[in-house]
Amino acid sequence: MLNKLLDTFETEHKYAPLTLDHLLDFYQKKYIQGKIDIRRYYEIYQCLHQQGAVSSHEYQA
C-alpha cells in the first residue's frame, strides 16, 4: 500500500515526499477536498501512522 501512496504523490507532484508526514498531509488535503472518502482516508492514515507519520494537525504547541 505504501508504494501505491508514494506513486500517487510522485505522479501529482513530480517529486517524492520529503517525509511520511508530508505524505500524510497530502492525503489529508485530498480528504478535505472531497477527493477521497473517509474510509479510504482512514486506511491511508492507519498505514502511514503505523510507519511513524504524524499529522501536522497532531502537533501540540
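**Entry 1: Val54**

I began at valine 54, which counts as partly exposed because its relative accessibility is 27%. For my own reference, buried is under 20% relative accessible area, exposed is over 50%, and partly exposed is in between, with a 1.4 Å probe and protein chains only. Valine 54 sits in the segment after H3. Helices here are DSSP runs of H or I with at least four residues, strands are E runs of at least two, and both are numbered from the N terminus. I also looked up the separation of valine 54 from aspartate 7: they are 47 residues apart along the chain, and their C-alpha atoms are separated by 20 Å.

A note on the source: this is a predicted model, where local features need pLDDT of at least 70 and side-chain atom pairs count only at pLDDT 80 or more, while totals for chains, interfaces and linings use all residues. Residues are numbered from 1 along each chain as its sequence is written, and side-chain values use heavy atoms, with hydrogens and water left out.

**Entry 2: Ser55 and Gln28**

Next I went to serine 55, also in the segment after H3. Serine 55 counts as buried because its relative accessibility is 1%. I found that it touches Leu24, Asp25 and Gln28, leaving aside residues up to four places away in sequence; contact means heavy atoms within 4.5 Å. The side chains of serine 55 and glutamine 28 are joined by a polar contact of 2.7 Å. That term covers a pair of N or O atoms within 3.5 Å; within protein, one must be able to donate a hydrogen and the other to accept it, and residues adjacent in sequence count only if both atoms are side-chain atoms.

I then followed glutamine 28, which is in helix H2 and is buried at a relative accessible area of 8%. Its side chain makes another polar contact, at 3.0 Å, with the side chain of tyrosine 41.

**Entry 3: Helix H2**

I checked the start of H2 and found threonine 19 capping the N-terminal end, with a side-chain oxygen 3.3 Å from the backbone nitrogen of aspartate 21. Buried residues in H2 are Leu23, Leu24, Phe26, Tyr27, Gln28 and Lys30. Their cover includes H1 and H3. After H2 comes glycine 34, with a positive phi near 80°.

**Entry 4: The core**

Which residues touch the most other members of the largest nonpolar core? I got Leu5, Leu23, Leu24, Tyr27, Ile44 and Leu48, out of 13 residues in that core. H1 (2–13), H2 (20–32) and H3 (38–50) each supply at least two residues, and H3 gives the most, with 5. Such a core is a set of buried Ala, Val, Leu, Ile, Met, Phe, Trp, Tyr and Cys residues joined through side-chain atoms within 4.5 Å.

The axes of H1 and H2 come within 11 Å and cross at roughly 75°, so H1 is roughly perpendicular to H2. Axes are lines fitted to C-alpha atoms, for helices over the stretch in contact, with angles from 0 to 180 degrees between N-to-C directions; 65 to 115 degrees counts as roughly perpendicular. Among the contacting residues are Leu5 and Phe9 of H1 and Leu23 and Tyr27 of H2.

Last, I looked at lysine 14, in the loop between H1 and H2. Lysine 14 is exposed, at a relative accessible area of 70%. Its phi is positive, near 65°, in a residue other than glycine. Most residues other than glycine have a negative phi.

Note on methods
Angles under 35 degrees count as roughly parallel, over 145 as roughly antiparallel, 65 to 115 as roughly perpendicular and the rest as oblique.
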